[in-house]
Every structure is written in C-alpha cells, then in structure tokens.
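Here's a quick look at the charged side chains in this structure and how they pair up. Take a moment with the sequence and the model first.

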Amino acid sequence: MHYAIPTVVVSECLGFSACRYNGDIIHNPFISRLAAFARLVPVCPEVAIGLGVPRETVRLVKHGEEKRLVQPSTNRDWTKEMKAFATSFFDQIEEIDGFILKSRSPTCGIKDVKVYGDADSSMVIEKGAGLFADHVFQRFPQAVIEEEGRLTNAAIREHFLTKLFSLALFREVKAERSMKALVQFHSEHKYLFMAYSQTWLKRLGRLVANRERLPVEQVLKLYEQGLHALFARAPQRRSHINVCQHVMGYFKKEMSAKEKQYVLELLAQYRAQQLPLSSVTSVLKSWAIREENDYLLQQRYFAPYPPALLDVRDSGKGRETAV
C-alpha cells in the first residue's frame with residue numbers, strides 16, 4: 001500500500017540537538033521511528049533568535065491582552081524577534097502536514113504553558129500556548145499539531161498518525177487535479193471515514209458524486225474543508241464497533257456460527273477496554289485475505305499509516321481522549 005511522505009516540523013531538542021535551555025537533548029523513540037516515513041524539519045525558535053545554549057530562562061508575561069516573551073535575568077523582551085523568526089521560517093517551507101512540539105515550552109508548548117503577570121512574579125495568572133506555537137495555530141489551523149508528551153498515549157498517537165498520513169495522501173490527490181484520483185481516495189477511506197463521522201462520510205460522498213458538475217478544483221477545495229471537519233475529533237469506541245460490524249457483513253455467508261460468535265466476543269472485550277482494536281481488525285482482515293475481497297483489502301481502515309509505526313504501548317497520559 002502506498003503512503004505519502006508527510007512534512008512534520010519538530011522541536012529540535014527532541015532528538016536532533018542538545019539545544020534545551022540547560023544544554024540537554026531529549027531522545028524520543030516515536031520521533032526516531034517516524035523519521036523513516038516522514039520528512040522531519042527540526043527547529044529551535046529560542047536558539048534561532050539568538051538566545052544561545054545554555055541560556056537564561058525566558059517566560060511568557062501578560063501585558064494587557066498580549067503575551068510577551070521576556071527574559072527576567074536581563075529584562076530583555078524577545079517578542080519582536082520571535083514573531084519575525086516564525087514568519088520567516090514558515091515562509092521558507094511550502095507544505096507542512098503536522099507539528100510535534102515540546103510541551104510546556106514558553107515558545108513551543110501548545111497548551112499548559114505558564115503565563116505570568118510580570119517578569120519577576122512567581123504567580124501564574126493563566127496557561128496557554130507558547131509564542132511560536134501561537135503562530136503555528138494562526139498560520140496552520142488545519143495542521144496536525146501535538147506535543148511529544150501527549151503522543152505517549154496510544155489513542156492520541158493513533159489519531160495523530162491517521163490524520164497526518166491521510167492529509168498527506170490527500171495533498172497528492174490535490175496535485176493530480178483528477179476526479180478519478182479523488183474517487184479512488186474516497187473509496188479507500190470509506191470505512192476509516194465511517195469510524196470518524198458517518199455524517200461527514202455521506203457529505204464527502206455527495207461531493208465525490210458531483211451531481212452539480214462543479215469544476216474539479218472547486219470539488220477538491222470543498223472536499224478538503226470537509227476532510228478537516230471529519231478529522232476534528234478522534235473516533236469513539238462505539239464508532240469502531242459499528243465499522244467492524246459492517247465489515248463482518250461481507251462474510252455473513254462464509255462465517256460459521258462459532259466464528260461469528262468469536263468476533264462478537266472480541267468486540268465485547270474491545271468495548272470493555274480489555275483488548276486493543278487491532279485484535280478485532282486483524283481477524284477481519286484475515287477473512288478478507290481468505291475470501292480474496294479486494295475492496296476490503298484496499299481499505300485504509302486496516303492500515304491508515306505505515307504498520308511499522310504501530311505501537312499499542314501506552315504511558316497513561318491523555319486518557320481523557322482514549323477510545
């Protein structure tokens with residue numbers, strides 16, 4: 001199965017160079033594996049604007065409604081330099097599919113970054129995104145954006161990779177400007193999209209049918225907007241169960257009563273969070289192989305991203321979004 005190569009901007013301290021404020025480097029196994037399947041673009045905004053390694057601490061300080069990047073030890077305000085660098089950096093990269101940024105960093109953190117009332121105060125008045133991350137959200141609102149800490153959670157990582165490789169593949173479809181390529185893309189993603197949103201699956205299907213005979217460029221633009229809406233949230237456990245039951249329907253004549261009961265038991269265990277989804281889908285895929293069902297075997301639902309990136313281990317972080 002063909003996978004597109006996504007472009008991912010990564011905080012440079014996550015395995016690329018010892019550029020943390022204290023001169024450390026953080027080795028990240030997930031990012032190391034991802035490097036074989038994606039174009040990784042490392043960046044350390046703090047070093048890029050001249051803060052050096054090691055460096056005195058910088059922090060976010062609230063001035064009215066604006067967040068400023070301040071270095072308390074020197075009383076230097078680096079806000080202007082950071083904004084200028086962010087603009088220049090992104091002007092040099094044509095296509096970006098995703099970001100993996102350092103958590104709690106005053107520049108790269110995407111949430112829970114401490115914001116102070118003034119440079120010398122120890123009182124945190126709110127939490128939010130870092131200054132560089134703010135620029136990311138403004139310029140790339142539809143990109144796949146995560147922190148390295150949250151990606152230790154299996155469900156968050158699954159959603160990140162699924163969305164990342166799906167959007168990268170759609171970028172290739174857009175470049176072809178072909179309704180045939182769009183039809184193929186939509187067909188391959190039918191059950192993956194069903195797991196995310198049946199409503200958006202139907203809406204995207206109507207766009208692909210193109211009964212209004214819209215120009216292909218307009219269809220692709222509308223389809224992309226719908227694709228972002230579909231991927232806005234990770235799929236729920238009950239949605240995956242619904243998809244698996246649909247796939248089971250292809251084999252209702254071939255399955256014996258005991259075989260059907262076995263799959264239903266697996267689904268019950270998955271529903272009870274006693275098994276990973278792959279325990280069910282691997283059985284269903286084996287049936288597709290046995291019955292030589294080419295339509296199912298082309299479904300991205302079974303492998304939305306390179307299988308070598310699959311890792312069911314879970315740190316327990318971010319469980320509120322686990323499915």
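## Salt bridges in the model

Lys 174 is partly exposed, with a relative accessible area of 27%; partly exposed sits between buried (under 20% relative accessible area) and exposed (over 50%), using a 1.4 Å probe and protein chains only. Its partner in a salt bridge is Glu 224, with the closest N and O atoms 3.1 Å apart. Lys 174 lies in helix α5 (residues 154-176) and Glu 224 in helix α9 (residues 216-230), so this pair ties together parts that are 50 residues apart in sequence. Helices here are DSSP runs (H or I, at least four residues), numbered from the N terminus. Glu 224 is partly exposed too, at 22%.

This is a predicted model, where local features need pLDDT of at least 70 and side-chain atom pairs count only at pLDDT 80 or more, while totals for chains, interfaces and linings use all residues. Residues are numbered from 1 along each chain as its sequence is written, and side-chain values use heavy atoms, leaving out hydrogens and water.

A salt bridge means a side-chain nitrogen of Lys or Arg within 4 Å of a carboxyl oxygen of Asp or Glu. By that rule, the count is 15. Here are two of them:

| Pair | N to O distance |
|---|---|
| Arg 33 and Asp 311 | 3.6 Å |
| Glu 146 and Arg 150 | 2.8 Å |

Arg 33 belongs to helix α1 (residues 29-34) and Asp 311 to the segment after α13 (294-297), 278 residues apart. Arg 33 is partly exposed at 24%, whereas Asp 311 is buried at 16%. As for the other pair, Glu 146 is buried at 9% and Arg 150 is buried at 18%.

Methods:
Helices (H or I, at least four residues) and strands (E, at least two) are DSSP runs, numbered from the N terminus.
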